[in-house]
Amino acid sequence: MIGLIATILTGIVLKNYIFLLIMLAYLLRLRSRNASLAVFYLYVLSIAVSLPSTSIYIWEGLKLAGFVALSTVLALDDVLRGIRVEREELILSTVLIVSAVTDYTFLIVLIAVVLYSSYRHFGKAVAYLAGWLGLSAAVMYLIRDSLTDPVAQAFVLIGLGLLFILFAERKDVEFLEVKPFEGE
């Protein structure tokens with residue numbers, strides 16, 4: 001439920017209502033995880049096509065990348081784990097709603113919710129996420145003059161993310177596994 005709230009709020013903050021398509025993935029999740037994942041994939045493709053291509057070296061681009069990436073991570077977590085309406089999710093959702101007053105507060109709270117949720121589900125693996133964020137910020141800062149194209153910026157961030165996933169897998173950190181068929 002946290003991912004749904006975060007994604008809807010992201011759409012409102014960015015004034016891009018294509019983010020509301022995530023509701024279809026949540027509705028399908030009530031019946032089938034695989035169908036929900038297929039719709040989630042279509043949702044991510046439509047987000048990628050509809051968003052403007054801006055550099056992360058300007059505030060608008062960084063804000064856009066942060067909002068989209070963080071809300072997508074929370075939504076994917078909900079789609080994979082299932083929709084829960086528990087006290088903790090209600091509290092975190094309320095904090096997200098209250099924080100959406102300004103872009104700055106919403107982004108800070110969104111980062112905090114992703115880190116908290118990651119820690120709650122993956123424990124110490126959140127250190128890999130924090131390490132990836134820190135290293136990515138440092139690398140992007142150091143090579144800022146040679147990375148003017150937003151696509152190149154995205155590839156560098158994706159590559160660094162894959163390196164951290166490989167490092168995390170080396171340490172046998174468990175991640176969710178999605179099977180091809182739900183009955184397995």
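Which residues of helix H2 (residues 22–29) are buried?

1. Basis of this note. The model is predicted, and local features are taken at pLDDT of at least 70, side-chain atom pairs at pLDDT 80 or more, and totals for chains, interfaces and linings from all residues. Residues are numbered from 1 along each chain as its sequence is written, and side-chain values use heavy atoms, with hydrogens and water left out.

2. Helix H2. Ile22, Ala25, Tyr26 and Arg29 are the buried residues of this helix. Buried denotes under 20% relative accessible area, exposed over 50%, and partly exposed the range in between, with a 1.4 Å probe and protein chains only. Helices are DSSP runs of H or I with at least four residues, strands are runs of E with at least two, and both are numbered from the N terminus. The four residues cover an arc of only 100 degrees around the axis, which puts them on the same side of H2; the arc is that of the directions from the helix axis to the C-beta atoms. Helix H1 (2–14), helix H3 (33–50) and H4 are among the elements that cover the buried residues of H2, where contact means heavy atoms within 4.5 Å.

3. Salt bridges. The whole structure contains two salt bridges, each defined by a side-chain nitrogen of Lys or Arg within 4 Å of a carboxyl oxygen of Asp or Glu. One joins lysine 63 to glutamate 60, with the closest N and O atoms 3.3 Å apart. Lysine 63 and glutamate 60 are three residues apart in helix H4, and are therefore separated by about one helical turn. The side chain of lysine 63 also meets that of aspartate 103 in a salt bridge, at 2.8 Å from N to O. Because lysine 63 lies in helix H4 and aspartate 103 in helix H6, this pair ties together parts that are 40 residues apart in sequence. Lysine 63 is buried, at 7% relative accessibility, whereas glutamate 60 is partly exposed at 47% and aspartate 103 is partly exposed at 24%.

4. Aromatic pairs. Three aromatic pairs are counted. Rings of Phe, Tyr and Trp (its six-membered ring) pair if their centres lie within 6.5 Å; planes under 30 degrees apart count as stacked, over 60 as edge-to-face and the rest as tilted. Tryptophan 59 and tyrosine 104 are stacked, because their ring centres are 5.0 Å apart and their planes are at 20 degrees. The pair links helix H4 (residues 59–81) with helix H6 (residues 103–122), across 45 residues. Tryptophan 59 is partly exposed, at 32% relative accessibility, and tyrosine 104 is exposed, at 53%. Phenylalanine 67 and phenylalanine 106 form a tilted pair, 5.2 Å centre to centre with 45 degrees between the planes. Phenylalanine 67 is in helix H4 and phenylalanine 106 in helix H6, so this pair ties together parts that are 39 residues apart in sequence. Both phenylalanine 67 and phenylalanine 106 are buried.

5. Helix H7. The 17 residues of H7 (residues 126–142) should span 24 Å at 1.5 Å a residue, and the end C-alpha atoms are 24 Å apart, which agrees; the expected span is 1.5 Å times one less than the number of residues. Val126, Tyr128, Ser136 and Met140 are buried in H7. These buried residues fall within an arc of 155 degrees seen down the axis, so they line one face of the helix. Ala127, Tyr141 and Leu142 are exposed on the other side of H7.
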